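Colleague: I am new to this structure and would like to learn how to read it. Could you take me through a few features, please?

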Amino acid sequence: MHRRSSLLALVALAVAACSDGTTTPAPRTLAPAAAAADVNPDLDGDVYNYVTWTAANPLGGTASGTITLPDGHTVGVDFRVVQSSGAAGTYFAALYDAGSGVQAVSNPSIGNLSVGNYWLGPNNEAPFKSTSVANGPSNATMIALTGDITDSYVLTFSEPVQDPIMDILSLGSTGNSAEYDFGRQVELLSQGTGFWGGGSSSLTLMNGQNLVGREGNGTVRFIGSMSTLSWTVPDGEVFHNFTVAIRGLANPNADFDGDGVPDAIDNCPTTANANQADADFDGIGDACDPVNDPTVDTDGDGLTNAQEHAIGTSPTNPDTDGDGFTDKVDAFPLDPSRHLPDTTPPVIAYTVTGDLGSDNWYTSNVHVAWSVTDPDTPVSAKDGCVDTDLTSNTTAEGVTLTCAATSGGGTAPSQSVTIKIDKTIPSVTGAVTSGRPGTNGWYTTPVGITWTPSAAGPSGQNLSSDCSEVTTGETAGHTFTC
């Protein structure tokens, strides 16, 4: 579809400007048509069960629907737009059927979407059918997105399902591409010309997980058993559409790539990798992961993959427990029953262990221990908060250690401590500065003693002695001490 700038100029004509001049497509039949090119045939020709979206709220960023299986069993589907802050996002529009026929609801600040079955292009369902998928969307309902780099799109099934597919309509325009980043391995099953055009090469799957479209229409498949799907749209436009379907409920024994690891837990379900190595903790096995970098934030929730691995949250789902709060701001990211947002940063404290002398100088080895705590959300980042042993004399300025930390409640003011160590023991010398020497070590007049302290340690600039000059009269012998 067109870019945002084009649509805002023609707010009320969002659909008309991108179609054949009418806001409602002419009726089309489901007559057989040549199937689109199948880029990964598996020759099973499965019939898929599509969702019927039954409620939608673009301004609230939610939608819900139902999938009915052939035996009458129903699976609920919930859709949410989540901003990186954890707040609800928005989307453009939806076509939904609450039981009285298809209705349209739109975000008025973007434009309007008219009722129609846009899945039926010039070749009917062809872009969405292949030797892997025997049927296209079974109804006119769909969700229309614009895309925002700060948003994540989350689909949640009421129970685990097997090998879901996503049908995508009008991703990008002929002059400008748009992108879906699934953050996981997917298959591009088919593509073709859709309601607004496109063609057999208008979709490209990059790195096995990024789908780029230029007026692209087609189907991608997620291999395995799953309850949640999420993706981002780092390059968006107004507008592109999707719906989902499933083969059936989860099959715990399915093993698509035959590597002995069931699809339900296989981190490369279409690439054999029995060892399941995952160097960057992103849930994508090294055998099929184009990027092995633990500092990447795959799901865009503000936590790196390594941080999510450490706290037990999913690096491919910005809201692991599905409670509406992203993992970074959720005080309890693994407990859907508790989700108090964190409004305070971590608390940083330190303890210093050592022998403290005068003027804040330590005369022994020193151990500095840091404590970083946050009762609400996990500490997602720490800088410099490493327990440290100092075993040598410092400079006169000392050594300054600093700790900074961040949690879902923000970044705490950094804390610093300066340690000065002088383990050098000072010395003192005395000298007779007055008195008349006699014989055999005797002085014949009063004697004056001057003491001079000295030290090689860094605190020597503060060295002092309280042993002032000493004089005395006649004695039978006397020892002076400083």
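Modeller: Gladly; we will look at a sheet, a serine and a cavity.

Modeller: This is a predicted model, where local features need pLDDT of at least 70 and side-chain atom pairs count only at pLDDT 80 or more, while totals for chains, interfaces and linings use all residues. Residues are numbered from 1 along each chain as its sequence is written, and side-chain values use heavy atoms, with hydrogens and water left out.

Colleague: In what order do the three strands of the open sheet run?

Modeller: Strands of a sheet pair through backbone hydrogen bonds, either parallel or antiparallel. Strands here are DSSP runs (E, at least two residues), numbered from the N terminus, and two of them pair if DSSP finds at least two bridges between them. In this sheet the order is 18-20-22, with antiparallel pairing. Strand 18 (347-353) and strand 22 (388-390) are at the edges with a single partner strand each, so one side of each has no neighbour in the sheet. Strand 20 (residues 366-373) pairs with strand 22 over three bridges, and Val368 stands opposite Thr388 in strand 22.

Colleague: Is Ser190 buried or exposed?

Modeller: Buried means under 20% relative accessible area, exposed over 50%, and partly exposed in between (1.4 Å probe, protein chains only). Ser190 has a relative accessible area of 1%, so Ser190 is buried. This residue is found in strand 11 (residues 187-191), and a polar atom of the Ser190 side chain lies 2.9 Å from the backbone oxygen of Pro127.

Colleague: Which strand gives the largest share of the lining of the largest cavity?

Modeller: On a 1 Å grid over the protein atoms alone, a cavity is a set of points where a 1.4 Å probe fits but cannot get out, and lining residues have an atom within 4 Å of a point. Strand 15 (residues 225-235) gives the largest share of that lining, three residues. Among the lining residues are Ser230, Trp231 and Thr232.

Technical notes. Helix = DSSP H or I, 4+ residues; strand = E, 2+ residues; numbered from the N terminus. Polar contact = N/O pair within 3.5 Å; in protein donor to acceptor, adjacent residues only side chain to side chain. 1 Å grid on protein atoms, 1.4 Å probe; cavity = no way out; pocket = protein on both sides within 12 Å on 5 of 7 lines; lining within 4 Å.
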